[in-house]
Amino acid sequence: MYRFRHDLKDRKLPVISVPKRDVMMCLNESAMDPFQVVREQFLRRMETVHLNRYFSEVTDELKKALADYIGHGTTPECFEFGNGADEMLYYLFTSVRESQNTYAVSIAPSYGDYITYTRAVGMGTRFAQIDERFDFDENEYLKLLEHPDCRMGILCTPNNPTGNLLDDEKVHRILSSTDKLILIDEAYYEFSGRTYAPYIKKYPNLVIIRTFSKGFGTSGLRFGYMFSSPENMYEIKKVMTFFHMSIMIQAFALTILENREPFLKYNRQIIENRDRMIEMLNRFEQLHAYPSSTNFILFSAGNHAERLFEYLKENQVAIRMYGSHKMLGDKLRVTVSNEEDNRIFGELIKSYWHK
Ligand code: PMP
């Protein structure tokens with residue numbers, strides 16, 4: 001007897017193989033530990049936050065602080081947050097899923113866990129493939145979107161792993177030509193500066209997801225949020241558990257928002273480091289680094305990709321290799337880090353060609 005969901009019976013658990021290396025440039029994390037930045041303010045706040053209670057005013061304050069950070073007429077009712085953007089994806093997919101035949105449409109390659117979580121809630125995913133310019137066919141996307149089994153569209157901009165912003169006019173045309181929900185994943189907003197937040201009122205089908213994991217360096221804290229019209233949020237909340245997020249995480253996220261300048265300053269530095277790293281990589285004839293609006297760089301290394309990846313690994317530097325998607329076979333992704341990590345990475349790239 002199989003006691004669990006039959007549609008997941010043959011599914012293998014996704015393997016998250018996190019390498020343990022001295023220099024971690026594989027998961028688009030930050031090298032700056034947020035606790036070191038807001039330690040005093042956080043500990044002071046925790047004197048007044050009561051972990052023995054289900055409710056805390058921190059929840060309302062945090063929604064207000066998010067509305068203040070996002071601006072563009074958003075109000076606290078526009079927000080829900082959870083344990084990472086991943087959990088918000090899970091809730092959103094749960095809120096639109098109808099039956100086993102239903103699916104979400106995304107571009108590909110894009111963030112891999114759209115597949116993980118649509119499957120987890122019992123939905124499928126279909127894809128409009130992106131081309132060598134990291135652009136996609138709008139008509140193909142719209143055709144998949146308009147199918148009666150399609151429940152929603154996903155657009156990741158800037159896109160992970162390609163690093164580029166999607167064509168703005170295309171995004172607007174998609175938003176305005178359908179009634180179906182369109183999720184815009186702005187996980188890397190703090191590096192791209194482009195947001196669809198001003199259009200929450202204009203497009204009743206727009207939902208935006210963001211995370212503190214990248215721009216505020218809190219991957220381990222697990223804080224992500226979703227915003228849309230209060231009407232949409234009302235519907236999404238129907239599938240959320242009560243008290244789903246620790247008051248302590250909320251208190252930490254609020255403390256970060258109130259003290260955000262050092263984080264934003266660090267991001268400006270990462271952007272400068274990124275542009276220098278792209279230039280550095282492009283000095284090597286065998287490499288081609290693509291422009292990026294994020295804190296990572298995708299670069300092609302031709303038939304050296306695997307050997308270069310292994311060489312970096314042997315020398316304690318972890319970056320990301322993609323084997324599965326045909327467009328990414330010869331490409332590697334490196335997270336831009338602080339000066340020291342970037343220097344070590346750069347020197348290893350040099351020594352790889354001269355060894
Ligand atoms: N969306 C994108 C595009 C991402 O790259 C990531 C994390 N790698 C996430 C969502 C999930 O972020 P979180 O850590 O908040 O779950």
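Q: First up, what is the bridge partner of Ala104 in E5?
A: Met152 is the residue in E5 that bridges to Ala104. Do keep in mind that this is a predicted model.

Q: Thanks! How do E3 and E5 pair, parallel or antiparallel?
A: They run in the parallel sense, with 3 bridges between E3 and E5.

Q: And over how many bridges do E5 and E6 pair?
A: Strand E5 (residues 150-156) and strand E6 (residues 181-185) are joined over 5 bridges, in the parallel sense. As for individual residues, Gly153 sits opposite Ile182 of E6, and Leu155 has Ile184 in E6 as its bridge partner.

Q: Is E5 largely enclosed or left open by the rest of the structure?
A: Largely enclosed, because 6 of the 7 residues of E5 are buried.

Q: What's the strand order in the sheet they belong to?
A: It goes E2-E8-E7-E6-E5-E3-E4, an open sheet of 7 strands with mixed pairing. The edges are strand E2 (79-82) and strand E4 (124-129); each has a single partner strand, so one side of each has no neighbour in the sheet. From one strand to the next, the twist averages 25 degrees.

Q: Which strands does helix H4 lie across?
A: Helix H4 (residues 113-120) lies across strand E3 (103-108), E4, E5 and E6, and its direction is at about 155 degrees to E4. Helix H6 (residues 168-176) also packs on the sheet, where it touches E5, E6 and strand E7 (206-211), at about 150 degrees to E6.

Q: Which phi value does Phe243 have?
A: A positive one, about 50 degrees, although Phe243 is not a glycine. Phe243 belongs to the loop between helix H8 (230-237) and helix H9 (247-258). With 44% relative accessibility, Phe243 counts as partly exposed.

Q: What about phi of Gln316?
A: That one is near 70 degrees, again positive in a residue other than glycine. You'll find Gln316 in the loop between H11 and strand E11 (317-318), and its relative accessible area of 27% makes Gln316 partly exposed.

Q: Since you mention H11, at what angle does H11 cross H12?
A: Helix H11 (residues 305-314) and helix H12 (residues 339-354) cross at roughly 125 degrees, and their axes come within 10 Å. That makes H11 oblique to H12. The crossing is right-handed.

Q: Which residues make that contact?
A: From H11 there are Arg307, Leu308, Tyr311 and Leu312, and from H12 there are Phe345, Leu348, Ile349, Ser351 and Tyr352. Sorted by class, the contact has 7 nonpolar, 1 polar and 1 charged residues.

Q: Last one: what is the order of the sheet with 4 strands?
A: That open sheet runs E9-E10-E13-E12, with antiparallel pairing. Strand E9 (288-289) and strand E12 (320-321) are the edge strands, each pairing on one side only. E9 meets strand E10 (residues 296-300) over 2 bridges, and His288 has Ser300 as its bridge partner in E10. Helix H10 (residues 261-282) lies across E9, E10 and strand E13 (331-335), at about 10 degrees to E10.

Note on methods. Residues numbered from 1 in each chain as written. Predicted model: local features only at pLDDT ≥ 70, side-chain atom pairs only at ≥ 80, totals over all residues. Heavy atoms only, no water. Axes fitted to C-alpha atoms, helices over the stretch in contact; angles between N-to-C directions. Parallel < 35°, antiparallel > 145°, perpendicular 65-115°, else oblique. Left-handed = near helix turned anticlockwise from the far one by under 90°. Contact = heavy atoms within 4.5 Å. Nonpolar A, V, L, I, M, F, W, Y, C, P; charged D, E, K, R; others polar. Pairing = 2+ DSSP bridges. Buried < 20%, exposed > 50% of the residue type's maximum accessible area, 1.4 Å probe, protein only.
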